Amino acid sequence: MLQLVFCATIVSPSFEMEPDTMDRVKSSMQQVPNAIPKVIRRTGGANSLELEKENFERGQAISINKAINTQEVAVKEKHARTCILGTHHEKGAHTFWAAVNRLPLSSNAVLCWKFCHVFHKLLRDGHPNVIKDSMRNKADLTDMSRMWGHLSEGYGKLCSIYLKLLITKMEFHIKNPRFPGNLQMSNRQLEEAGENDVNNFFQLTVEMFDYLECELNLFLGVFSSLDMSRSVSVTAAGQCRLAPLIQVILDCSHLYDYTVKLLFKLHSCLPADTLQGHRDRFQEQFKKLKSLFYRSSNLQYFKRLIQIPQLPENPPNFLRASALSEHISPVVVIPAESSSPESEHMVETDDLVDTDLPAPVETKFDDLFGTSAAIDPFNFNNQNGMRKDDKDRLIEQLTREVQALKDELESFRLESGRLCQALRGRVNELEAELAEQSHLRLQAAGESEFLKAELDDLRRVREDTEKEQRSLTEIEKKAQANEQRYTKLKEKYSELVQGHAELLRKNAEVTRQMTVARAAQDEVDAMRKEMQDKVKAAQDFADKQERAQRERVEELQRELVSNMAELDSLKTTMASSQQSSEALGTQLAAMESEKAALVESLSKVKAELAFQGEELERVQSSLATERESGVKTAEALQNQLNDKESREQALESQLVTARWSSLQGAVEEAEKIIQDSLAQIDDPAHISCTSSADYLASRCKASVDCVEQLLPARDAFIADDTGVSQLLKVVTQCGHLVGDTIVQGSATSHMVPVEQADVLSESVKACGAEALLFLGHMKKKEDLKTADNCKLKEALKAILDTAEKLRPKGLELQQGELGDLVEQEMAATSAAVESAAARIEEMLNKSRAVDTGIKMEVNERILASCTDLMTAIKALVLSSKDLQREIVESGRGAASKKEFYAKNSRWTEGLISASKAVGWGATVMVDAADLVVQGKGKFEELMVCSREIAASTAQLVAASKVKADKDSGNLQRLQQTSRGVTQATAAVVASTKSGKSQIEDKDTMDFSSMTLTQIKRQEMDAQVLVLELETRLQKERERLGELRKKHYELAGVAEGWEADEEGSG
């Protein structure tokens, strides 16, 4: 690539230097000893890097546009490989996303599908930075997936599933960077990914389950979108859908292996009950993956591209640790790619000069001076012995100059050849780019026209859907508003309940505090009373002592007076009473000290009483303050409680109003649905819509059941308006079902005779009127209790009766009789085949007795082939009986045969129809063979009958094996006998054609006796006959097509195909 860029830089400047080069050549002719000029002097530099980057981006853009286009074919591997190499070259995906963002991925589903395929390859095999660079586009991919998800079929649904898978893959690798994009890891790396933490292993297993679920959803989506009854894998459209599954198979094999190993790891660390959910989810995914691998391995497309592994018959037993050694990791083998011409055609850039180019024969200098190897004509050294003079030296100098010029010219010629070769490569490259751009321009023009047409269609569809979306938007807005209003009321109610509970808690706290305060008050009162008693007792004791002391003092004073008197009287006896006086003084001092102690104790008691009084006052003040605060708190709580009750009443009234308004909204919506259904009946576009009586009967029954639920739901709502949700559900469902019944009734009327269609139309309109009348009563509160749905049920039952009358008569067979009818039809078929074989044998004997020559030979060959065909049909019927008996025995369980046939009535009806067709075909073929043998019939009729028998037997085989086990021996014998019937049919056709050719060869045309005019006349008659036969052939083919179409319609009505399709739709 670098050499190509360098050559591109030196090509264009060479032409600018060409005049300068010629000037140097001229000057070199004048000066001999000049150096050889260098033509190319420019090197790469910065411009070379820019050109390299530009060429890289252009090459990547071309490859991306070739890989991701609107053609419904698989992505070519070489273009995807170029994109992968580009990510490794630039170490990221910036160029890829720059090119992809210019593609209209949101407007073309095939383009988006192929983008997903290429992007999946880049995530797996591209540079590791591709995942990081792609995460910035995650939001766009999510929006695109949501947009394509609105489509229910085709590539749109597949694109939505594929985009979800790619988003899940990116998120998984971002969360778990240890896992590479291709998920290839060793056991040691898997252990390191969990970091020896059981929680990490548990979470990693859940993420792998989600990852594998997305892979399986894409697998199932692709298979469900394909018609597997045909060889879709060999068509371009089928391969376009199947090609991405190769990447899915590679991912699934690794995810399955890692999930098994992680589950064994978890079971060794955690209890089995904890991992029950993991085991259930693994078993479900195991069954899906095994089935998908088996179906994929049978497709021809995958057989040459990938070798798909087969999973074991049963899932691993995680409860047994030794089962891990039995686990075999599934290995997906991709065969070596065969070398294609495109991969082999690589431009070698090591040497852009072709060294094998032949040199020019002669130049102008050779013509003038000869070649360097020629003998010098100016060398006179050997002539006449003359010495060199000035002329000789000049000749030698000119000869050397000429030689130098020839060398320089040779180098210039080589350089010119190199430049010419580079120019040719550049011209080829530019021509290829021009062709590619022209192709892209034509493709873009075609896409532009397609997009314009698609845009016009989308505009028309948008105009059609805008009307429907307006009504749907209004309904959604009303429902959303009601839901928001109900949510707000619910939140407000929750807040009120919480506030009420908080107030109750506060009230209980205040009550408890008041109780404690009252207990404290009682305790203080008791203490105060006790202190008062103590003070009173102390005062009484002090008064008693004081009185006692006073009495003692008075007594002492009286004694003193008496003593003084005695002293006066006894002065004479002073000496004798001196000792008694001193004793009395000592006693008096002691009494004085005792009095002082009593006074001091009295003062202490008074101080203590004063302190107790102050404490009592302080406690009384605090109790008064607490009592006032408690009263205020109680008043505030009472006020809050009153406010809460008033708000609850207001909210309750609002809830009642909201419930009634939501009921009115549901009733109005049901009225709109029924009115829209009645309007569709009169719409001219509705005339092309058809339906079946079976489907109409099923919708009528559902409508009747829903209408019968209206009155119980209404009574429950009247008794308790909180149960409005059930009534809303029933009203809405009733509106949809009755509206659908009206539409289906009108569509069914388009398929029946005029008289019955008129009756059905009138019944449908009457039903719509009764439904609107009943819903009108339910909108009014005063009429809600008296609303009656009897008339509406009668109208629906009238439609149901009409539908039952219109059902095909073949469906009126009681299911209990299906088992007997199957046995009868199979017996009748066997009898018809036996009878046909006996008649053919009888015709063969009669032909041998009557016919001779070629006719007898032809009849014997035809009847012998018919006999072989009847023998093969007889063996086929017997094999079908054995297979049916095996199916019934294996599938009925404890039920009887009749119950099994009744349970599988659709399969039973298919068997009956196929048996009838085989018996009828055998009878018709025998009649045709009889006429051919008698010479009254046509060989073509016999061939058509044989082919019809082959088709009928194929129908019988298909109906027999639809419920059979694929490994059943009876099924193998049935298929073998079916092939025998096919071979016998081919033998009948071959013998018939051979006999016809032998008989027609006898009638040779003889024109020898005819004149020119007669031959011309016969030729004109033959041309007229040919034209008439061609016209008749065209008409008969058209008639055959109409007959087949009508036969298909009658068979579908008889077997309920149309009802099944409409029911599923």
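**Exercise 1. Determine which residues of α8 meet which residues of α9, and describe how the two helices pack.**

Lys138, Leu141, Thr142, Met144, Ser145 and Trp148 in α8 meet Gly156, Lys157, Cys159, Ser160, Leu163, Lys164, Ile167, Met170 and Glu171 in α9, where contact means heavy atoms within 4.5 Å. These contact residues divide into 7 nonpolar, 4 polar and 4 charged, with Ala, Val, Leu, Ile, Met, Phe, Trp, Tyr, Cys and Pro counted as nonpolar, Asp, Glu, Lys and Arg as charged, and the others, Gly among them, as polar.

This is a predicted model, in which local features need pLDDT of at least 70 and side-chain atom pairs count only at pLDDT 80 or more, while totals for chains, interfaces and linings use all residues. Residues are numbered from 1 along each chain as its sequence is written, and side-chain values use heavy atoms, with hydrogens and water left out.

Next comes the geometry: α8 (residues 138–148) and α9 (residues 154–175) pack at an angle of about 150°, their axes 8 Å apart. The two helices are therefore roughly antiparallel, a label for angles over 145 degrees.

Note on methods:
Axes are lines fitted to C-alpha atoms, for helices over the stretch in contact, and angles run from 0 to 180 degrees between N-to-C directions. Helices (H or I, at least four residues) and strands (E, at least two) are DSSP runs, numbered from the N terminus. Angles under 35 degrees count as roughly parallel, over 145 as roughly antiparallel, 65 to 115 as roughly perpendicular and the rest as oblique.
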